[in-house]
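Biologist: Please take me through this model feature by feature. Give me the general idea, then the case at hand.

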Amino acid sequence: MPKSKRSKVVSLTKVSKKTKEHKNAMINELQTNAEKWRYCWLFEVGAMRNSHLKTVRKLWKDSARMFFGRGAVMAKALGTTLEEEHRAGLHKLAKQIKGQVGLFFTDTEPQEVIDWFADFQQPDFARAGNIASRSIILPLGPVMRHHSDPPEPFPHNEEPQLRKLGLSTSMNKGVPTLTAPHKLCNQGKVLTAEQAQLLKLIGEKMVVFRVGLIARWDSTTGEVEQIDSPRILSNEKIGEESEDGVMSE
């Protein structure tokens, strides 16, 4: 008899056990790194993209470990009180773990870390909910894609998608063409899903992936030092989460 294709019932006890084991393993890994490295940095991310965070991790793979997401798990691993802290002073860092933040363990000297992250910025496409960093007006004439230099007009088979996203186009010699200028977005306004998709199609990048350093714990002194730099605006932090909640390598 062939196997039934009906959905199988999964015991919730098994799911809970697996989740608990995963959390415990992550806590142990975080604590192991707290014992291994001299510094632990608390950081936040603007315009979060997994691809860019993986690039950071790859570039630092020989001299650091990075964890991102699941703030409650990270805070528990470090210990949020003087009695619970895993190492002296860590509770002062753990109490600051709120929102979309991560931990960065390394032995690299602080100024080198600060300079490196200040320099690492990756432009990317905005998403629905981000704030437009500038106003964009599409001019009268062929709708152009700016992914290449010089820009190219959209092919004829993409004209239906452009119309669906709100552009009033017509075909002129096989090229999607605007019969009047179109204001795609206004600076300072929240982008809709349609606006974000259009910006991506035409090749306009409006956000910048960057890592903002918040505080640093030093294992040799147990002290936590706040980093004197502007905090990343909340609208920049809208983005994807890692697949497993906490990412490390």
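Modeller: Start with the largest nonpolar core, which has 24 residues; Leu30, Leu42, Leu78, Leu93, Ile97, Leu103 and Phe105 touch the most other members. The elements that give two or more residues to this core are α1 (12-36), β1 (39-46), α3 (71-78), α4 (90-94), β3 (101-106) and β12 (207-218). With five residues, α3 gives the most to this core.

Biologist: What should I know about the model and its numbering?

Modeller: The model is predicted: local features need pLDDT of at least 70, side-chain atom pairs count only at pLDDT 80 or more, and totals for chains, interfaces and linings use all residues. Residues are numbered from 1 along each chain as its sequence is written, and side-chain values use heavy atoms, with hydrogens and water left out.

Biologist: How is a nonpolar core defined?

Modeller: In soluble globular proteins, nonpolar side chains tend to be buried together. A nonpolar core is a set of buried Ala, Val, Leu, Ile, Met, Phe, Trp, Tyr and Cys residues joined through side-chain atoms within 4.5 Å. Buried means under 20% relative accessible area, exposed over 50%, and partly exposed in between (1.4 Å probe, protein chains only). Helices (H or I, at least four residues) and strands (E, at least two) are DSSP runs, numbered from the N terminus.

Biologist: How many salt bridges does the structure hold?

Modeller: A salt bridge is a side-chain nitrogen of Lys or Arg within 4 Å of a carboxyl oxygen of Asp or Glu. The structure holds eight. In one of them, the side chains of Arg38 and Asp218 meet at 3.1 Å, N to O. Arg38 sits in the loop between α1 and β1 and Asp218 in strand β12, so the pair ties together parts that are 180 residues apart in sequence. Arg38 is partly exposed at 32%, whereas Asp218 is buried at 12%.

Biologist: Which parts do Glu204 and Arg134 tie together?

Modeller: Their side chains meet in a salt bridge, 2.8 Å from N to O. Glu204 lies in the loop between α7 (193-202) and β12, and Arg134 in the loop between β4 (121-124) and β5 (136-138), so the pair ties together parts that are 70 residues apart in sequence. Glu204 is buried at 19%; Arg134 is partly exposed at 30%.

Biologist: Where do Glu159 and Arg163 lie?

Modeller: Both are in helix α6 (residues 159-164), four residues apart, about one turn of the helix. Glu159 is buried at 11%, and Arg163 is partly exposed at 45%.

Biologist: Is Lys173 buried or exposed?

Modeller: Exposed, at 84% relative accessibility.

Biologist: What about Lys54?

Modeller: Lys54 lies in helix α2 (residues 50-59) and counts as partly exposed at 43%. Lys54 and Met66 are twelve residues apart in sequence and 9.6 Å apart in space, C-alpha to C-alpha.
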